[in-house]
Amino acid sequence: MAIETIIHGSDLELHDMQGILIRGYGALPEAKYLLLGFEDRKLAKSYLKDMHLLITNGLVKPKDQAMNFALTASGIKTLGINEEDFSTFLREFKEGMTEPHRQFVLGDKGEFSAGNWDWGQPGGEKVDLLLMVFAKDHELMEKILDREKERMERFGVKLLHSLPTALLQDHKEHFGFRDDISQPRIKELAKTYQEGDFPAGEFFLGYRDLYDEYPLSPSVAEQEDSMDLLPISYENKQRKDLGKNGSYLVFRQMQQDVVAFWEYMKTKTISEEEAILLASKMVGRWPDGSPLTLCPDGPNMDLSQENDFNFWKEDKLGLKCPIGAHIRRTNPRDHLVTETNAKDSKEMAGKHRMLRKGRPYGKPLEADIDPLKMMMKADDGEERGLHFICLVTDIRRQFEFVQNSWVNFHKFGGLDQDADPIIGNHYQEGNLKTDEFSVPQFPVRKKYEKLPNFTKVRGGAYFFVPGMRAMKFLSKALE
Amino acid sequence: MSLIHRGLTLSFKVEENHLEQVNELLEAFNRQQPSKESLPDTFFISWLGVPPQVYAEKEKLPARILLMSSYVGSKRKHLQVLVEAIGEELRQVLAFTVGFPKEQITNKSLVRFLAKSSKFNTYYSGFKFISPKEVIPEKNLREWVYGWVEKQLQDPNFGTSTPQEIKDRIENAVEKDPNYNWAMKKPKGLGRSKWAMLSALGLFGLLMVLSLFIALVSIWWNLGSWVLLAWLFPFFIVSIFLLLVLLRKEENIEPPPIQVINDKDYLEIVSREKNKVVNEMTVIAPLKPGKFRRVFLAVSLRLVAMIRYFTYIPTVHTARWLQLDGGKRLVFIATFDNQSEAYAHDFVDSEQRSRNLAVIFSHVMGFPKTTWLIKRGENYRKDYMKGVRSFQFKTRFWYAFNTDLSVENLKNNRAFRLGLHKKMKEHEIRRWLLRL
């Protein structure tokens with residue numbers, strides 16, 4: 001395996017982390033997410049033991065292939081963890097994404113309801129493990145998949161779903177907008193310090209977070225670790241830290257209805273330029289990625305990766321980038337309407353960031369993902385979307401908070417009936433409406449009504465990404 | 001008419017063995033909510049039975065029934081409204097309490113009985129000076145004006161009008177419409193209510209300034225017995241300082257361990273938050289051991305009550321804090337936007353807010369240790385969240401006048417209405433129009 005060792009990140013135990021925590025494997029364009037189910041504890045442990053050398057750690061930068069994995073709560077249980085140890089995992093992880101109250105918090109109802117999902121649905125096949133496979137080309141990917149299928153067969157592990165991915169050109173997502181620009185920088189991984197860098201503990205267990213505390217980490221009783229594989233727990237010196245150098249992974253498969261998206265823009269405007277402007281207002285950036293806050297009158301290629309901007313001084317009223325736009329909801333930066341100053345807003349918004357790792361899937365509606373061309377296309381019957389994956393150390397404070405309070409809360413920022421125009425769940429139920437989008441302008445805001453769901457959740461689950469030592473522990477101990 | 005939001009807290013002792021029946025009764029009442037028309041001055045009512053708790057590992061604090069309402073106007077009138085609206089329910093529940101007359105009592109006597117059970121509470125409102133009867137009309141007004149402007153936009157000349165011309169035309173339209181011309185008058189009692197709310201703080205400030213002034217003047221002139229007033233300011237400062245020193249000693253007392261809430265109970269509590277916009281939570285916990293803590297908290301609550309005009313907690317509709325059982329128990333209830341899993345974070349996510357609130361919460365069992373009240377130890381946030389949940393109780397009966405509008409919605413509707421009377425500069429009018 002061709003590798004290149006990275007030099008920074010010395011404060012982190014990169015050798016004990018799975019590579020997905022450190023990088024997105026952008027150099028490996030082929031990726032598959034395999035959802036697996038265990039049938040037998042002993043075989044499952046042997047499967048994991050056999051996999052140990054195949055897992056890419058955080059120290060290396062692979063040039064041809066990489067493989068990482070994560071476990072669901074049922075997967076962890078199957079591996080033999082006892083009730084007391086299991087109770088140390090986060091409540092949200094243990095309950096799972098489809099527990100009725102979690103569904104309520106996440107806004108998964110109607111078209112988003114877990115009952116309609118393709119995988120991870122309540123009462124459906126039990127997903128235990130997520131295997132993330134990356135390769136430099138299709139041929140190598142096929143080889144790895146053959147090897148993995150053989151290993152699965154050998155250890156009685158069932159392949160439930162094989163989720164394909166496809167990177168789109170210019171880092172775009174299927175609606176035609178440049179994605180993945182606003183990622184939090186991790187202090188311990190950065191070569192130089194910048195204001196606003198995040199401590200590793202926001203995303204990796206076993207390190208200090210923004211509160212200068214160690215995030216809650218799963219642990220096991222000291223006597224369980226007879227091989228002394230795990231470090232001492234920060235919480236309780238009598239216990240061993242199972243979470244150190246691991247993370248919680250949130251997976252949501254989000255189907256995108258590209259035809260419906262551009263159709264809506266077309267029907268609500270009088271020209272193609274206006275349709276693109278409306279779509280950009282909903283996103284908060286132009287298709288090339290340049291932010292409306294910095295260039296409200298038209299895209300500017302020079303700013304296509306620009307992430308150094310705020311809202312409080314530049315656009316407090318949302319006249320450039322509407323308050324309800326997707327990027328203002330998922331990262332309100334220094335302007336939360338409910339706060340009284342930019343400093344407090346920034347402080348509050350910073351406590352709810354996630355490290356995104358997902359990839360798009362499906363064939364684009366137009367090869368070059370040009371909005372003008374996509375506007376003219378009829379539905380091709382293909383399924384496409386985004387495998388949203390993020391890493392967090394506190395599922396509720398980070399992922400669920402954003403999903404609940406910012407994305408789906410129709411009162412966000414003092415609005416009346418507006419869920420996130422792009423990824424929010426739009427519906428009407430009695431007096432309750434969440435399907436509007438407001439564009440502030442003079443003399444009165446323009447209200448767009450009856451937004452369909454441009455995205456729909458097709459599957460999802462909460463996972464735990466163990467560190468390398470924890471992986472060894474889970475496969476060898478607890479016999 | 002007073003537009004000040006107030007909190008009424010009624011507390012009744014109850015035998016522990018009756019608590020289950022009381023809570024079942026309240027759950028039954030909760031399913032048959034009183035009409036909004038019957039409670040014209042009331043925003044919220046939280047009603048629950050609280051089990052006994054233990055203070056400082058030795059003293060059992062009694063089981064209680066708490067009824068906490070948020071209302072606008074006079075307390076006496078509010079008690080009458082409550083008795084008129086839920087008198088029968090009150091009688092059924094209070095029959096379980098210690099000291100409630102066995103014989104049938106009249107509404108008048110019931111009001112008197114309730115008034116005697118009322119406790120001091122420090123109350124916060126996130127949408128000050130709006131009465132329940134104004135909530136829906138102000139929402140409808142804003143929606144109507146929005147629709148009216150949209151209609152006018154069909155005339156191309158309207159869009160090119162100046163902001164002042166548009167404001168004038170809106171005001172004319174409101175003035176002419178019999179359903180909305182009430183909005184052209186300022187809400188009655190608004191100014192008076194603002195002054196009344198500031199009066200305690202004003203009086204306190206005046207006394208302190210007077211004390212300083214007399215101290216200064218007495219250097220040159222003999223002021224006779226007036227000079228006693230000069231001691232007021234130093235007395236206040238020294239008392240607070242002394243209390244702080246005594247509190248510091250008590251901060252070192254290790255509180256007994258608490259029973260941390262299990263996942264099942266936690267889920268049961270949060271699963272009750274079924275509203276999409278406004279929800280409620282009740283936290284009741286014994287104080288950490290130490291008599292000066294009780295005094296310090298009592299003083300703090302009264303000082304916080306004085307400055308409530310200036311306090312701000314985002315996304316909170318109403319909140320209250322009070323001490324019970326000789327100051328050995330703290331009750332905290334809040335109604336807020338969205339879910340408590342998000343709301344509870346508002347307190348700890350902001351450094352400044354968590355420091356301010358430590359002045360109240362740090363005295364309570366289950367909450368993290370502090371030094372000199374503001375210096376916090378390791379794991380503050382984690383322990384804070386644990387503390388909140390471990391002492392949270394199910395509110396068995398919850399009435400809310402408004403469950404559809406967020407705090408920002410309420411404030412925005414009010415600001416739009418008040419803008420109808422205001423003279424504004426062009427940029428202010430533009431901002432005002434964005435409220436539509």
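At a relative accessible area of 8%, A:Asp197 counts as buried, where buried stands for under 20% relative accessible area, exposed for over 50% and partly exposed for what lies in between, with a 1.4 Å probe and protein chains only. The model is a predicted one, in which local features need pLDDT of at least 70 and side-chain atom pairs count only at pLDDT 80 or more, whereas totals for chains, interfaces and linings use all residues. Residues are numbered from 1 along each chain as its sequence is written, chains are lettered from A and ligands numbered from 1 in the order in which they are written, and side-chain values use heavy atoms, with hydrogens and water left out.

The side chain of A:Asp197 meets that of A:Arg185 in a salt bridge of 2.9 Å, N to O, the term denoting a side-chain nitrogen of Lys or Arg within 4 Å of a carboxyl oxygen of Asp or Glu. Both A:Asp197 and A:Arg185 lie in the loop between strand E4 (158–164) and strand E5 of chain A, so the pair ties together parts that are twelve residues apart in sequence; helices (H or I, at least four residues) and strands (E, at least two) are DSSP runs, numbered from the N terminus. A:Arg185, with a relative accessible area of 30%, is partly exposed. Over all chains, a search of the whole structure finds 59 salt bridges.

In chain B, the side chains of B:Arg248 and B:Glu251 meet in a salt bridge of 3.0 Å, N to O, and these residues, three apart in helix H8 (residues 232–251), are separated by about one helical turn. B:Glu251 counts as buried at 2% relative accessibility. A salt bridge also joins B:Glu408 to B:Lys411, with the closest N and O atoms 3.5 Å apart; being three residues apart in helix H14 (residues 407–419) of chain B, B:Glu408 and B:Lys411 are likewise separated by about one helical turn. B:Glu408 is buried, with a relative accessible area of 15%, while B:Lys411 is partly exposed at 26%.

Between the two chains, 49 residues of chain A are in contact with 51 residues of chain B, contact being taken as heavy atoms within 4.5 Å. Chain A and chain B bury about 4,300 Å² between them, 54% of it on carbon and sulfur atoms, where buried area is the accessible area (1.4 Å probe) that two parts lose on being put together, summed over both. Five salt bridges are counted between chain A and chain B, including that in which the side chains of B:Arg381 and A:Asp394 meet at 2.7 Å, N to O. Helices H5 (91–95), H6 (100–106), H12 (342–350) and H14 (396–407) and strand E14 (446–448) of chain A each supply at least two residues of the side of chain A that touches chain B, and the largest share of that side, five residues, comes from H14 of chain A.

At the contact of the two chains, B:Ser350 touches A:Glu347 and A:Met348, its neighbours within four places in sequence being left aside. The residue is placed in the loop between helix H11 (340–349) and helix H12 (351–361) of chain B, and at 1% relative accessibility B:Ser350 counts as buried.

Chain B is divided into domain 1 (5–129 + 255–400) and domain 2 (132–186 + 406–433), bounds that come from an automatic or database domain assignment. The centres of these domains of chain B, taken over C-alpha atoms, are separated by 38 Å, and the contact takes 14 residues from domain 1 and ten residues from domain 2. The two domains of chain B bury about 800 Å² between them, 66% of it on carbon and sulfur atoms; in domain 1, B:Phe43, B:Phe127 and B:Phe129 lose the most area to domain 2, together 37% of what that side buries. The count of salt bridges between domain 1 and domain 2 of chain B is zero.

In helix H15 (residues 468–476) of chain A, the buried residues include A:Met468, A:Phe473 and A:Leu474. What covers the buried residues of this helix of chain A includes helix H2 (41–51), strand E2 (65–71) and strand E5 (219–221). In the segment after H15 of chain A is found A:Ala477, which is buried with a relative accessible area of 6%. The C-alpha atoms of A:Ala477 and A:Met227 are separated by 7.7 Å, although these residues are 250 residues apart along the chain.
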